[in-house]
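Please open the structure below in a viewer and keep the selection tool at hand. The tour moves from one selection to the next.

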Amino acid sequence: IVWQTPANPDYIFRHGRHVRPYYFEFIAHVKNRWAGKTIVDLFAEEFKGRPYDYYVAAVQAGRIQVDGQMVSTSYRVHSSQKISHFLHRHEPPVLACDVQVLHKEPDILTVCKPASVPVHPCGQYRKSTVVGILQAEYGLAPLFPVHRLDRLVSGLLILARNPTKADIFRQQIESGKVRKQYVAKVVGVFPEEEIVVNANVDYDAREGRSSVERGKTACTKFTRISTNNKQSIVLCEPVTGRTHQIRVHLQYTGHPIANDALYHSFSIDPMCTNCPDLAPKGYDEEPIWLHCVRYSGPGWEYECPYPAWA
C-alpha cells in the first residue's frame, strides 16, 4: 500500500465527478494539552468522527502510528511527537463540470470555477478541487489562488503561478485597490436605485453560516440589472471580503438568493418529512445563483462569461 494521494487521480463521471478512493496519511503533531493521553483516548476525544472501537483496531493494525512506529493502545503520547493516521479516503462527489481555462499567462491563470467544487484542498476534499483538477487534467502546478469563492458559488477565479505574483495580488486586495463584481438571482423585485448595505458580518464556523449586526465591518453595493417581477438579477460589489457576505447582505435587504437554502426562509410544514431540512438529500450540491463575473485592479482586469440563469 502506498500511503499518499495519487498524482493523477482516476476521476469517474457517474452522476457527478468522483475520485477513486485512495490511501492517504493524515499527519498531526501532539499539542501540549494532548500530552499524557493514551493514543486511543487522544483520537477518540479529539477526532470524534469515528467510534472508539475503530481507533482501538486502527492502532492495533498499525494504521495509527507515532513517529513512524506502531505502538500499543495504552501508549501515552508526548508533546511534539508526530502522529499519523493512515486510511482509505473517499472524497464526496462534485458536479461533473469542467474547469474552463479563460486566460493563461506566464504568471497568471484565470478559470471559470464550477459550483460545488472547492477552490483548494479543505475538509473532505483534496483532488476534487479546482487546484487538484487543473493539476490532474491540465498539468498546471503549482498554483496559488489569489482569492476564494464559496464551494457552491461559480465564476471567475484568479490563480497566480508563483508566490511572488500571488503576494502582489493579495496586497492589492487587502489595500482596497481591487474591484470585485458578482451577479445573483434574488427573490422579488429588487429596488431600482443602488442599495448600499453596511452591516457587520459574523461567521459561525460551527453552524456554517453568517449573521449580521455583529462581527466584522462589511459593506456591499447592489444594483438591479433586470427583473421579471418575480425574481431579479442583481450586480453585487463587495467592498469588504467576509465569509458569505453577499449572501447574508442580500438576505438583509429582504431579497435573498432565490435558491439559497441557507439564507432563504422557506415555509415549514410539521407533517413534511423533509422539514426543517427544507429539501431532499443532495439539494446542497445544487449551484446557488451567485456567480463571480469580474475582478479589476491597477492596470488589469479579468472577466468571466455570465451564467445561463442571468
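The stops below cover a record annotation, the nonpolar cores, the aromatic rings and some backbone details.

This is a predicted model, in which local features need pLDDT of at least 70 and side-chain atom pairs count only at pLDDT 80 or more, while totals for chains, interfaces and linings use all residues. Residues are numbered from 1 along each chain as its sequence is written, and side-chain values use heavy atoms, with hydrogens and water left out.

**Stop 1: the annotated site**

Select residues 108-251, which UniProt lists in an unreviewed entry as "domain: Pseudouridine synthase RsuA/RluA-like". UniProt positions follow the numbering used here, feature names are shortened, and annotations may be inferred rather than shown by experiment. The end C-alpha atoms of this span lie 34 Å apart, and the span is 19% helix and 37% strand. Helices (H or I, at least four residues) and strands (E, at least two) are DSSP runs, numbered from the N terminus.

Now pick Asp150, where the unreviewed UniProt entry places the feature "active site". Asp150 is in the loop between β8 (144-145) and β9. With a relative accessible area of 23%, Asp150 is partly exposed; buried means under 20%, exposed over 50%, and partly exposed in between (1.4 Å probe, protein chains only). Show the contacts of Asp150: leaving out residues up to four places away in sequence, Asp150 touches Lys113, His244 and Arg247. Contact means heavy atoms within 4.5 Å.

His244 lies in the loop between β15 and α5. His244 is buried, at a relative accessible area of 11%, and has a positive phi of about 60° although it is not a glycine.

**Stop 2: the nonpolar cores**

A nonpolar core is a set of buried Ala, Val, Leu, Ile, Met, Phe, Trp, Tyr and Cys residues joined through side-chain atoms within 4.5 Å. The largest one has 31 residues, and Ile158, Tyr182, Phe222, Cys236, Leu250, Leu290 and Tyr295 have the most contacts inside it. Elements giving two or more residues to this core include β7 (108-113), α4 (163-174) and β16 (290-297). Domain 2 (100-175) and domain 3 (179-265 + 284-303) each supply at least three residues; the bounds come from an automatic or database domain assignment.

Next, select Tyr22, Tyr125, Leu143 and Leu159, which are among the 19 residues of a second, separate core.

**Stop 3: aromatic rings**

Rings of Phe, Tyr and Trp (its six-membered ring) pair if their centres lie within 6.5 Å; planes under 30 degrees apart count as stacked, over 60 as edge-to-face and the rest as tilted. By this rule there are 9 aromatic pairs. Phe43 and Phe47 make a tilted pair, because their centres are 5.2 Å apart and their planes lie at 40°. Phe43 is buried at 4%, whereas Phe47 is partly exposed at 33%.

Move to Phe190 and Phe222: centres 6.1 Å apart and planes at 65° make this pair edge-to-face. Phe190 is in the loop between β10 (179-187) and β11 (195-198), Phe222 is in strand β14 (residues 219-227), and the two are 32 residues apart.

Which residue lies over the face of Trp289? Lys185 does, at 4.5 Å from the ring centre. A charge sits over a ring if NZ of Lys or CZ of Arg is within 6 Å of the ring centre and within 35 degrees of the ring normal.

**Stop 4: a cis bond**

Finish at Ala141 and Pro142, where the joining peptide bond is cis, with omega near -5°. Pro142 lies in the loop between α3 (130-138) and β8.
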